[in-house]
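Biologist: Please take a close look at the aromatic rings in this model. Which rings pair, and how are they set against each other?

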Amino acid sequence: MLIVDSHLDIAHNALEWDRDLLQPIAEIREAEAGMAQKGRGMNVVNFAELRRGGIGLFFVTVHSRLASMGNRFPGVRTQDIAYARCKGELAYYRLMEARGVLRQIRDCAELDAHLVEWDNDPKTTPLGFVLSMEGADGIVAPEQVAEWWDEGLRIVSLCHYGVSAYSHGTQAPGGLTARGRPMLEALGAAGIILDVSHLAEQAFWEAMEVFNGPVVATHNCCRTLCDHDRQLDDRQIKTLAQRGGVIGTAMDVWMVSPLWDPAAMDNTGITLETVVDHVDHVCQLTENSRHAAIGTDLDGGFGKEQCPSDLDTIAGLRKIPAILERRGYSHADVSNIMHGNWLRMLHAAWR
């Protein structure tokens, strides 16, 4: 079954973590053995494992955030620097396209053609990607949205941790900044999808009021199951569903389960079943399977030590359909969750 993953920091891993994602996963791990940084020698994503898992389409990020809140959340000094860093990450995707590893998807025609080719030849068809920006600091002003659209940028979130130029975000309570509304209006006018991931709660509701275009949450879990401001509460989930949105369930285990102990770094007892609890909660809350999906955030600053304990590489996403089926989900429901909801959302947004 085709799997669509709505959040992967591919270029970040290549440029910031100095990983050659063309190498086998074992060789990448071996090259990082002994490094002290969290996640080193424990990565779960490379191009071969994406293909082995049947993950033929995914949303990739470009990302650079402004430092905020007294540098509690480190970042760059200016938006000009953020713009340049995001362009550097885009250059990596362009190179992987030129080598035939990746293929950028920008519209319905390209999406449909890619799906046909992938279905016919998943072994050699380039891996498809949709370009997203995690935190909008890389867009210097609303006037620059058109330039990014021409680069194929199709999904944007306003912030990350702390406060961006446009909004308060994770662990930084507050609303949109004075520049937030003009940016949302420019994104909506361009046809770009708004990703509400990382929005502070007040900012979430303000954005819902201002933004009239498609809204999604690319990598979120449910606050009812794991209480933190990074997660979505039930009211937010229902509102996204009413707007036709889709929620990609993340797999960073601190977001998945309150059992995670960051001091012990012990993921025992947190498995893909625990992840599916969040998928199931969205489905039960919305009374259908049309708004829950997969948005792993794997290798998003962590590695296997902070993933579900029964997932060795991203190819392990193939285990999820069987878990859903054991819980009584039909084949149509499973197809919705694994790929159909994201494909339907893209088609609707791009029409």
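Modeller: The model is predicted. The count comes to 6 aromatic pairs. One of them joins Tyr83 and Trp148. Their centres are 6.1 Å apart, with 80 degrees between the planes. The planes are over 60 degrees apart, so this pair counts as edge-to-face. Where do the two rings sit? Tyr83 belongs to helix α4, residues 79-98, and Trp148 to helix α6, residues 145-150. The pair therefore ties together parts that are 65 residues apart in sequence. Tyr83 is partly exposed, at a relative accessible area of 22%. Trp148 is buried, at 0%.

Now take Tyr92 and Tyr93. Their ring centres are 6.1 Å apart and their planes meet at 65 degrees, so this pair is edge-to-face too. Tyr92 is buried, with a relative accessible area of 13%. Tyr93 is also buried, with a value of 0%. The pairing extends to a further ring. Tyr92, Tyr93 and Phe129 are linked by ring pairs into a cluster.

Charges come next. Arg154 places its charged end over the ring of Trp149, 3.5 Å from the ring centre. Arg235 does likewise with Trp205: its charged end sits over that ring, 4.0 Å from the centre.

Note on methods:
Residues are numbered from 1 along each chain as its sequence is written. This is a predicted model: local features need pLDDT of at least 70, side-chain atom pairs count only at pLDDT 80 or more; totals for chains, interfaces and linings use all residues. Side-chain values use heavy atoms; hydrogens and water are left out. Rings of Phe, Tyr and Trp (its six-membered ring) pair if their centres lie within 6.5 Å; planes under 30 degrees apart count as stacked, over 60 as edge-to-face and the rest as tilted. Helices (H or I, at least four residues) and strands (E, at least two) are DSSP runs, numbered from the N terminus. Buried means under 20% relative accessible area, exposed over 50%, partly exposed in between (1.4 Å probe, protein chains only). A charge sits over a ring if NZ of Lys or CZ of Arg is within 6 Å of the ring centre and within 35 degrees of the ring normal.
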